[in-house]
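Hello,

Here is the structure I said I would pass on.

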Amino acid sequence: MSETIVAIATALSPSGIGIIRISGDDAVKIADTVFEKPNHEKLSDQPTHTIHYGHIVERNGENDYKIIDEVMVLLMRSPHSFTKEDVVEIDCHGGVYLLKRVLMLAVKAGARLAEPGEFTKRAFLNGRIDLSEAEAVMDLISSGNENARKNSIGQLSGRLSCKIKELREKILYEIAFIEAVIDDPEHYDSMDIKLRLSGITEEISDSLTHLKNSFDNGKMMMNGIQTTIVGKPNVGKSSFLNLLLGEERAIVTSVAGTTRDTLEENISLDGVSLHLIDTAGIHETTDVVELIGVKKAKESLEKAELVIFVLDSSDSLSEEDKYLAPLLKGKNVIAILNKSDLNSDTPVVKEEDIVRIFENNPPVHLKVLPFSAKTAEGLSELTGYIKEIFFEGKINTDEEIYLTSLRHKNMVEEAILAIEKVKDSLQNDMPEDFYSIDLMQAYASLGAIIGEEVDDDLVDEIFSKFCMGK
Ligand code: GDP
């Protein structure tokens, strides 16, 4: 017998419709208390997966009720629902007060307010989805770009789970094999087993390492590449940002130092998502407001995965430009020689000048691009180059599996360590049961990704991060 839970499943702001979701053994009974069809038929007499027009009512007696809202009700009986329980969804009008009123009527009729993520938790506990698929639900809701969406829907459809299950099956087969050898030593040659196991651990280790390495790209896909735009005042940083955004987001003026603070935006460039931070020009200043901006800019540089260093190609390099170079040491830097429209044949600042100012403070990658924020010259080269350094020229969300959760990455790392131990034992000619212990550990670590052998506390923690009504 499951408690019946209820929540507002849509955002709490005035909108066309708002959905109240009820799940549990009494979902239909509770809906019958608050919902009245024009022909007075009961919802409990209706077949599953049907939609019903009617009213949400507040009852004072058998035939005495007050109409609260005009609604459509969806009936989904167990086990064919998101939670595998009886589920009723009420499509109300989307007023905040109204939704809360309907919610409280359902509570009065016997439902309990759901905790954040409780519907998805039930879907997991009732075996409809595994843990990594449940986590993908949250990622899908919060995905802010096409690649993040594709990756999340892939994970929700079981792409990561499939890979993990395949690896676990391989490991389990080896454990069973070793057990058989221990039980029946006469029929097996232990050298053969060691040889076989070395090959297989190598294979598993490669697959796991590949998965682990996908995390950085996965993270960038979900959150965007942390990108900081730097450059002294008036070189065209705001114009550059506006070009990328396609709108007048930053205030563009020809007075130096007008972008006082940092601006943050998410943009997508041909499928590559950037989390952009435009900084006030990092330069020596005594102005208090600017000082704050400069401090923030330096902080954002520390976190940056990519730095776009904007320079004015129509004006010779200044001390301020040179002051910036050491701050970019060890970063991925794209130096854009802006305002190329003014001097495409004879730029004052050339690639070799930029290379020179970085001579003593080499970035990890340095690319110098002629650019014009005015005419968009250089934009496709910029996009191509970003893809090249971060995704080796391609992003393959259709086939590749990218780890996007730190929890999954930690579990994969644990599994890699355990497999490394198996390899050590093989090298040191340890007895067979040493191998199975560590193989078992790798099996368990991978199991935690899909929610097998996980503690209740961890499950609670994961679902508590979900939003209400999901
Ligand atoms: P910021 O201080 O670095 O943010 O610079 P702004 O974006 O405010 O630009 C400063 C001035 O340079 C403005 O007058 C812009 O119109 C001009 N500007 C920016 N980019 C270009 C460009 O590519 N070509 C030309 N001709 N002018 C530009």
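Leu 446 touches residues well beyond its own stretch of chain: once neighbours within four places in sequence are set aside, its contacts are Ile 164, Leu 167, Arg 168, Ile 171, Leu 208 and Ala 415. Please keep in mind that this is a predicted model.

Leu 446 also belongs to the largest nonpolar core, which has 47 residues. Along with Ile 171, Leu 208 and Leu 439, Leu 446 is listed among the residues with the most contacts inside that core. Two or more core residues come from each of β1 (5–8), α3 (118–125), α4 (131–142), α6 (159–183), α7 (190–223), α13 (406–427), α14 (432–450) and α15 (456–464). The core takes at least three residues from domain 1 (5–114) and at least three from domain 2 (134–214 + 403–464). As a general point, nonpolar side chains in soluble globular proteins tend to be buried together.

The largest cavity has a volume of about 50 Å³. Its lining consists of Asn 151, Gly 154, Gln 155, Arg 159, Leu 160, Glu 400, Ile 401 and Tyr 402. Both α5 (146–156) and α6 give two or more residues to this lining, and the largest share, three residues, is from α5. By class, the lining splits into three nonpolar, three polar and two charged residues.

The second largest cavity holds about 40 Å³ of space. Ten residues line it, and Met 221, Gly 271, Val 272, Ser 273 and Phe 391 are the ones nearest its centre. At least two lining residues are supplied by α7, and at least two by β10 (272–278). Here the lining has six nonpolar and four polar residues, with no charged ones.

Last, the open space. The largest pocket has a volume of about 430 Å³. It is lined by 16 residues; Glu 135, Met 138, Asp 139, Ser 405 and Lys 465 lie nearest the centre. The elements giving two or more residues to the pocket lining are α4, α7, α13 and α15. Which of them gives the most? That is α4, with four residues. The pocket lining comprises six nonpolar, five polar and five charged residues.

Regards

Methods:
Residues are numbered from 1 along each chain as its sequence is written. This is a predicted model: local features need pLDDT of at least 70, side-chain atom pairs count only at pLDDT 80 or more; totals for chains, interfaces and linings use all residues. Side-chain values use heavy atoms; hydrogens and water are left out. A nonpolar core is a set of buried Ala, Val, Leu, Ile, Met, Phe, Trp, Tyr and Cys residues joined through side-chain atoms within 4.5 Å. Buried means under 20% relative accessible area, exposed over 50%, partly exposed in between (1.4 Å probe, protein chains only). Domain bounds come from an automatic or database domain assignment. Contact means heavy atoms within 4.5 Å. On a 1 Å grid over the protein atoms alone, a cavity is a set of points where a 1.4 Å probe fits but cannot get out, and a pocket is an open set with protein on both sides within 12 Å along at least five of seven lines; lining residues have an atom within 4 Å of a point. Grid points are joined across faces, edges and corners, and a volume is the space filled by probe spheres set on the points. Ala, Val, Leu, Ile, Met, Phe, Trp, Tyr, Cys and Pro count as nonpolar, Asp, Glu, Lys and Arg as charged, and the others, Gly among them, as polar.
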